[in-house]
Structure formats: structure tokens, C-alpha cells
Amino acid sequence: MVVRNICCIGAGYVGGPTMAVIAYKCPDIKVTVVDVNEARIKAWNDEDISNIPIYEPGLEDIVAEARDRNLFFSTDIEKAIDEAEMIFISVNTPTKTYGLGKGKAADLKYIELCARQIASVAKTDKIVVEKSTLPVRTAEAIKSILDNTGNGVKFHILSNPEFLAEGTAVQDLLNPDRVLIGGETNEDGFVAINALVDVYANWVGRDKILTTNVWSSELSKLTANAFLAQRVSSINAISALCEQTGADVNEVSKAIGMDSRIGSKFLKASVGFGGSCFQKDILNLVYIAKSYGLNEVADYWEQVIKMNDYQKRRFASNIVKTLYNTVSGKKIVFLGWAFKKDTNDTRESAAIYVADDLLNEEANIAVYDPKVEKEIVYRDIDNLNTRTSELNRKHIEVVNDPYEACKDAYAIAVLTEWDEFKTYDWQRIYDKMKKPAFVFDGRNIIDGEKLREIGFVFRRIGN
Ligand code: UDX
Ligand code: ADP
């Protein structure tokens with residue numbers, strides 16, 4: 001079977017870039033990305049390419065090339081489903097905020113809505129691909145909804161987890177380490193799997209396209225993220241010990257990373273990991289393990305999250321302690337709000353939690369981030385429901401000029417590893433600040449020696 005028409009439901013951080021790259025690399029396939037969010041679709045269609053709603057290096061060029069050639073963005077979901085042979089589900093699957101599994105299980109309501117919509121519209125056989133991060137056995141649930149509510153047409157479910165990291169999405173999609181496709185292990189299943197393999201084979205070597213059963217594929221996604229997050233929590237645990245003993249976590253990290261069995265990636269100590277996947281996926285894993293009565297397994301993975309929460313709290317309390325145990329009424333500048341550099345995504349960003357702790361101590365915070373909009377900062381902090389939104393606005397200002405922000409500030413906290421922070425005129429910043437001027441580098445990116453020479457009191461993670 002040769003796929004000529006693809007639809008993707010969900011034009012977010014996963015659906016948008018993934019479909020843009022598929023369309024770019026497969027000019028013979030018509031790719032339509034649909035979303036219920038009209039503003040988002042409008043932004044994807046904006047004539048000014050710099051207004052597309054997701055910031056990713058290299059994405060603008062790819063969209064500019066493919067858009068209106070074979071890549072389309074639309075709100076007409078039914079039409080796109082009807083025309084497509086293959087439908088990707090890329091809607092969000094946040095952690096449940098209510099009811100059973102609250103705070104742990106994935107909220108599958110958007111997925112279920114999609115499945116029901118596909119079932120009600122489809123008049124021909126469809127291959128349905130789950131692309132969102134989902135708990136194990138979701139494919140089964142989708143299949144059950146489709147088969148029981150559909151119009152008698154056949155549905156084949158594939159799991160094709162996304163391994164792209166934000167900030168490097170385009171590169172990750174163009175040159176993936178591997179593409180994973182899980183499907184049913186029967187004749188029809190193989191046909192569906194091969195149809196998707198052929199799509200990727202337009203630019204990915206077949207040796208890098210791995211096929212498995214559906215459950216292995218779903219669980220591999222959760223496991224990959226859990227292992228990556230575990231490395232960050234492991235090195236962060238060591239960073240706390242370094243600060244007490246005089247060891248330097250950067251040196252430890254380098255030394256262990258050169259062991260080829262360990263490897264050097266994902267060993268950068270930080271204020272804590274964020275992003276839409278790590279926490280959510282581990283919580284999923286914990287929830288699944290618990291639901292099968294595997295309490296030790298659940299506890300083991302839950303500790304990765306606990307360590308991450310500890311690291312964020314520890315960073316905030318170090319600031320308070322260092323500023324003579326009070327930050328009340330003091331201005332603290334946040335450099336960065338996004339969960340990592342080169343993205344405007346702030347989901348689960350460590351900055352949000354550090355801000356919350358400092359606001360509890362009555363600090364005033366000035367936030368500067370090169371890509372995050374003001375309203376998003378307020379939305380993130382309001383969503384914690386710790387205090388009224390008026391109070392949040394009173395104590396947080398979001399600024400466009402990092403130098404202005406530093407005027408009369410007592411301390412700077414580096415929360416995101418944006419490259420531009422490294423090249424700032426730190427002398428100029430020093431001159432504007434209250435003395436002693438403190439810098440807390442939560443990302444270990446600033447040249448501490450240089451700052452100390454200027455006169456700053458400089459602290460970083462794990463030293
Ligand atoms: C992750 C996975 O990498 C990706 O494969 C999956 O599909 C989605 O989840 P992403 O959340 O975009 O991607 O970002 P990632 O680069 O993995 O970073 C996650 C968090 O860990 C960030 O907050 C980052 O700053 C932090 N991190 C990463 C560290 O603190 N130290 C490190 O050494 C690496
Ligand atoms: P991700 O990082 O997983 O891509 P996002 O939140 O960036 O998550 O994107 C998910 C998108 O899916 C959002 O733009 C949301 O509006 C869209 N969406 C959610 N449910 C539906 C639905 N039933 N039909 C169409 N689009 C949906």
C-alpha cells in the first residue's frame with residue numbers, strides 16, 4: 001500500500017514540525033495538519049513565516065518550502081480525516097488534574113475525542129498512528145473505540161513515538177537515531193507497518209527503522225525518556241554532594257562521561273529538567289507499575305521525579321540563604337523562562353517552580369526570556385494556584401531588555417541555557433546592580449572566573 005494523503009490531528013510542538021519534515025521530504029504525499037485551535041492554524045498559515053507559532057531552529061525554511069505545495073494547515077478536521085489514508089494523532093496528553101490517577105495518569109480525553117471523531121467520519125479503511133506520548137496499551141483503547149463506533153470500515157493502529165527533542169526538532173527529524181514503528185503482528189498489521197516504513201524510507205535508512213509490536217513501541221518511548229531523565233537526576237543528586245564536599249560536578253561529569261560505557265550526554269547538572277515529556281512519561285510509568293501491583297518498580301522511578309523537585313527547591317533556597325536569609329522586597333532577575341534553550345515552550349520549566357518558591361519569600365522577580373511572551377509567564381505561574389493572579393502580577397514583571405532588568409537587582413538567576421547570556425556585557429550589568437551583586441547559574445553556562453574578576457559573587461550548580 002502506498003500512502004498519498006496524510007492527516008495529522010494536532011498542530012503543536014510534535015505534530016507541526018513532524019508533518020513539516022514529512023511534507024518537505026515527501027513531495028508526493030499531501031500532508032494536512034488540523035487543529036481545533038483556530039488561532040494556532042492561522043499562525044501556521046501566516047504569510048510572514050516568522051509568525052509560525054512554534055519556534056524551532058530551521059523550521060521556518062522547511063515550512064516555507066513545503067507549505068501550500070503539499071503541506072496544509074486547516075481547521076476542517078472532518079474533511080482532512082475523510083481524505084486521508086493515514087491519520088496521525090498528535091494531540092496533547094497532559095497529566096490528569098482531577099479524579100482517579102490525578103497528578104500521575106495521562107489524561108486521554110483529547111485522544112478519545114480524536115478516536116471518536118475519526119470513527120464517525122471515516123468511510124474508507126484508515127491507518128491510525130499514535131504520535132503523542134501515551135501510556136502503554138493506549139493503542140488498544142483507541143482500537144476498541146474505533147472498531148465499536150465506526151461505520152464498519154477497517155482501522156489499523158500503529159504506534160510511532162516521537163523522539164525529537166525541542167530546540168533540535170528539525171535536526172532530530174531529518175537525522176533520527178532511529179524511527180520506531182509498532183503495529184499488530186498479523187497480516188493486516190504488517191501492511192500498515194510497511195506503509196509507514198515506506199514514508200520514512202524517503203529519507204531515513206531502512207536499517208534505522210525499527211519495527212516492533214505495539215506495546216513494545218509504546219513502552220520504549222516511556223523508557224527512553226525515563227532513562228534520560230534518570231541521568232539528569234543522578235548527576236543532580238551528585239551535584240548536591242559536590243557542593244558539600246568541594247568536588248566540582250562538572251569535573252565529575254566529564255570524568256564519568258569519558259567512560260564509554262556511561263557516555264557523555266545528558267550529564268549536565270542543572271536546576272532540574274523540565275519539558276512536556278520527562279515528568280509526564282515517568283509519572284505514566286509509575287502509574288502503570290502501581291496499577292499492576294509493582295510497587296517497588298513504581299517507587300524506583302518515582303524517585304527520579306522527587307530528586308528533580310528537590311533540585312528546584314534547593315536552588316531557590318540557596319538563593320534565599322545566600323541573600324542573608326531574606327529576599328523580601330528584593331528584586332531578582334530571571335534570565336530565561338523556557339524549559340531549555342532554542343524553544344519557546346515553558347511546560348514544566350524549572351523557572352516556574354523557582355519563581356513560586358521565591359514569591360513565597362516575597363521576592364520581586366523580573367523575567368527576561370528571548371522567546372517567551374509575557375502572558376505565558378503569567379499563565380504559568382497563575383496555573384500553580386499558589387496565590388492570586390493580582391499578587392503574581394504585582395511581584396513579577398516581564399521585561400524585554402535584560403540590562404534594564406538588572407537595574408537595582410540584588411541577584412540574577414540563570415534558568416535557561418540560552419547562548420546569548422554567555423556573551424552579555426557583564427561589567428555593564430554589574431554596574432547597575434545592588435552590591436554585593438550575586439549570580440546563581442542554574443545551567444552552568446556562565447564563565448564564573450570572569451564574573452568573579454568583575455566583582456560578582458558567583459554560584460553555580462554543584463560547586
Ligand atoms: C525529551 C526527549 O529528549 C525526546 O527524545 C522526547 O521525544 C521528548 O522529551 P525535550 O523534552 O524536548 O525532549 O528536551 P530534552 O533535551 O530531553 O531536555 C529535557 C530537560 O532536561 C530540559 O529541561 C533540559 O534542560 C534538561 N537537561 C537535559 C539537563 O538538565 N541536563 C542534561 O544534561 C540534559
Ligand atoms: P505536543 O507537544 O504534544 O505537540 P501541544 O499542546 O503543543 O502538544 O499540541 C497539541 C495540539 O493538539 C494543540 O494545538 C491542541 O489544540 C490540539 N488538539 C487537542 N485536541 C484536539 C482535537 N480533538 N482535535 C484537533 N486538535 C486537537
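Predicted model: local features only at pLDDT ≥ 70, side-chain atom pairs only at ≥ 80, totals over all residues.
Residues are numbered from 1 along each chain as its sequence is written, chains are lettered from A and ligands numbered from 1 in the order in which they are written. Local features need pLDDT of at least 70, side-chain atom pairs count only at pLDDT 80 or more, totals for chains, interfaces and linings use all residues, and side-chain values use heavy atoms, with hydrogens and water left out.

**View 1. Ligand 2 and its surroundings.** Ligand 2 is surrounded by 16 residues, each with a heavy atom within 4 Å of the ligand. The closest are Tyr13, Val14, Asp35, Arg40 and Arg347. An N or O atom in the side chain of Arg40 is 2.6 Å from an oxygen atom of ligand 2, and a polar backbone atom of Val14 is 2.9 Å from an oxygen atom of ligand 2. On its own, ligand 2 has 570 Å² of accessible area, and the protein covers 89% of that (Shrake-Rupley method, 1.4 Å probe).

**View 2. Tyr292 at the surface.** Look for Tyr292 in the loop between helix H11 (278–291) and helix H12 (295–322); helices here are DSSP runs of H or I with at least four residues, and strands are E runs of at least two. Tyr292 is exposed, with a relative accessible area of 53% (exposed means over 50%, buried under 20%, partly exposed in between; 1.4 Å probe, protein chains only).

**View 3. Thr343 in its loop.** Thr343 sits in the loop between strand S9 (331–335) and helix H13 (350–360). Thr343 is buried, with a relative accessible area of 0%. Its side chain reaches the backbone nitrogen of Asp345 at 3.0 Å.

Notes
Polar contact = N/O pair within 3.5 Å; in protein donor to acceptor, adjacent residues only side chain to side chain.
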